[in-house]
Amino acid sequence: MTKKIIIIGGVAGGATAAARLRRLDETSTIIVFERGEHISFANCGLPYYIGEKIKDRQKLLVQTVKGMSKKFNLDIRNLSEVIQINRYRKTVSVKNLNTMEEYEESYDTLVLSPGAKPIFPQIEGINEAANIFTLRNIPDTDNIKNAVDQQQPKRAVVVGGGFIGLEMAENLAERGIHVSVVEMANQVMAPLDFEMASIVHDHLREKGVDLILEDGVKAFKQDGSMIELTSGIRLCSDLTILSIGVRPENQLAIKAGLKVGERGGIQVNEYLQTNDENIFAIGDAIEVTDYINGNMAMIPLAGPANRQGRIVANNIYGKAEKYKGTLGTSIAKVFDITVAATGNNEKRLKQLNVDYEAVHIHPASHAGYYPGTAPIALKLLFDPTTGKILGAQAVGMDGVDKRIDVIATAIKGNLTVFDLTEVELSYAPPYSSAKDPVNMAGYVASNIINGDVETVQWHEIDEIVNQNGLLIDVREPIEREMGYIKGSINIPLGDIRDQLNRLPKYETIYVSCQVGLRGYLAARILSENGFKVKNLDGGWKTYSSVFNQTKKNDSRDSEEKFDVSIKVDATGLTCPGPIMEVHKNMKSLQTGEFLQIKTTDCNFVKDITLWCDKNQHTLVKTEQADKYYITTIKKG
């Protein structure tokens, strides 16, 4: 039967719904109303156009009004704002923003895809400031880029440490602007847990970004050129980006009597229908079911919006397809690292009182002997009884995306951590290892469920040691020179069996190493000999991501001339590999000679500072070239 379908809003959800509707039916009338000029654009690419990674503005325009209208035989009316839904007459009231004329248009079925808008809080001085911007659409992008191009700001402040905020921080910094990021929470990137976000904090500071956490904006002074924070800190700003979150565009729905949730999202059933059977809603404006826990949530992501647009089109034509919920799989580039997550994080599981276990591993992105490998910090959350996967997070320079994508797929396929050990993934040295990081996470989690090892977490170990708990660091002594947990004692793994008669039999022994593997081996040795033991999950590498943050590099000016006596290639090696290479080669140098080491492990760059101080060597400089770190050390 021929239908008349109106879609309010384009971009991801609305444009997808329109195209799918036409593919299903050539005869229906399909009208798309879009308040803005552009019907479909790459909103996720906007920061990169500002940063000039994307140089051609036209490439942001996925579909033009003219092109999409012709290709799909659509009646697209841009610069047309729907100002009211008249449910009982089944019409919408529309204002033509060119002529300001108002008129009504009837519908059989209505699809709401209005999206979400950036939060613009009423802070003192915000309305008087001329240098404050938000980023949602092409006009916003043009305004920010014009300000950068024409005014050439020296200092910028990004308020909000979410995905868009950090993407903007990176792209402004790439334009030569000194950037400060102000975040009210104790971490950036809300989908991550604190210890994983701490890796991002470290990298931002390494890149010269001033990161201010647990602070907010109190007032904008001097027409926005000075920002006063709640703490009393004052920041100078030539350009300010507000990126503190979004709110669903729900006013049309509310005025029409459609139900909205506590957070303002339009409520829909599993078929994406509102409480009016003739009105569907999709995209960032709606409440969705959290796929992991079944609760209602606001998860504004482009992928789910596209999928919802397709499902709605199917349902309008009677296919009765259910939307099964949103997993929340997300990814972002932050300078040289990739940050990704899927499912629930630890904070959310605690809020819901869900029983869970966490494991942290630090595998290489591909075979260590093949050039260019880099470490990945991977966290897996799972049910300790069934092995159900509850979520995952990863941070690293390479290979992060495919690991999170595999785990997201595993969750949708109802696989458990036991299944992760059996997932057969493609392997060749440039791409992975024979035992992929996903397999490794599965093995570690399975060991816990099977009772092969008990673990303790990074945030618990200090209190345990303070309460006189025995913590044995099973790394080599040289590794402790790069940092160790206060109160631990050092018994290298190879010496554990020789020290058994000196260890207490009737109290829990805690063990730690660099990343958790040697700690696991030590735990098995001790367990087999009748000791009760727990391994520090993720080892020193996870612990130090929080408690051993990078300090400002005070090494001498990089313009100093020097001749390097020994060059060491330690790419692909993870700690302690690089430091062992430095220690070995330093013995061949005379006092005052220089060693240069090339690495891919960013943690080495952090740890080598402590090692040099302890051994009275001078860290001359560390510089980055592509995915490599070049560190020069003068023997003391």
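Two rings of Phe, Tyr or Trp count as a pair if their centres lie within 6.5 Å, with the six-membered ring used for Trp. The model is predicted.

Start with the aromatic side chains. Select Phe 194, Trp 458, Trp 540, Tyr 543 and Phe 547, which form one aromatic cluster. The count of aromatic pairs comes to four. In one of these, the ring centres of Tyr 543 and Phe 547 are 4.6 Å apart and the planes stand at 40 degrees, so the pair is tilted.

Next, show helix H16 (residues 539–547), where both Tyr 543 and Phe 547 lie, four residues apart, about one turn of the helix. In an α-helix there are 3.6 residues a turn, so residues three or four places apart point the same way. Are these two side chains buried or exposed? Tyr 543 counts as buried, at 7% relative accessibility, while Phe 547 is partly exposed at 43%.

Now look for charges over rings. Select Arg 480 and Tyr 484: the charged end of Arg 480 sits over the ring of Tyr 484, 4.2 Å from its centre. Then select Lys 505, whose charged end sits over the ring of Phe 531, 4.5 Å from the ring centre.

Eleven of its 14 residues are buried, so H1 is largely enclosed by the rest of the structure. The buried residues include Val 11, Leu 21 and Arg 22. To see what the buried residues of H1 pack against, display strands S1 (4–8), S2 (29–34) and S3 (40–41), and helices H3 (65–72) and H8 (302–316).

Key:
Residues numbered from 1 in each chain as written. Predicted model: local features only at pLDDT ≥ 70, side-chain atom pairs only at ≥ 80, totals over all residues. Heavy atoms only, no water. Phe/Tyr/Trp six-rings, centres within 6.5 Å; stacked < 30°, edge-to-face > 60°. Helix = DSSP H or I, 4+ residues; strand = E, 2+ residues; numbered from the N terminus. Buried < 20%, exposed > 50% of the residue type's maximum accessible area, 1.4 Å probe, protein only. Lys NZ or Arg CZ within 6 Å of the ring centre and 35° of its normal. Contact = heavy atoms within 4.5 Å.
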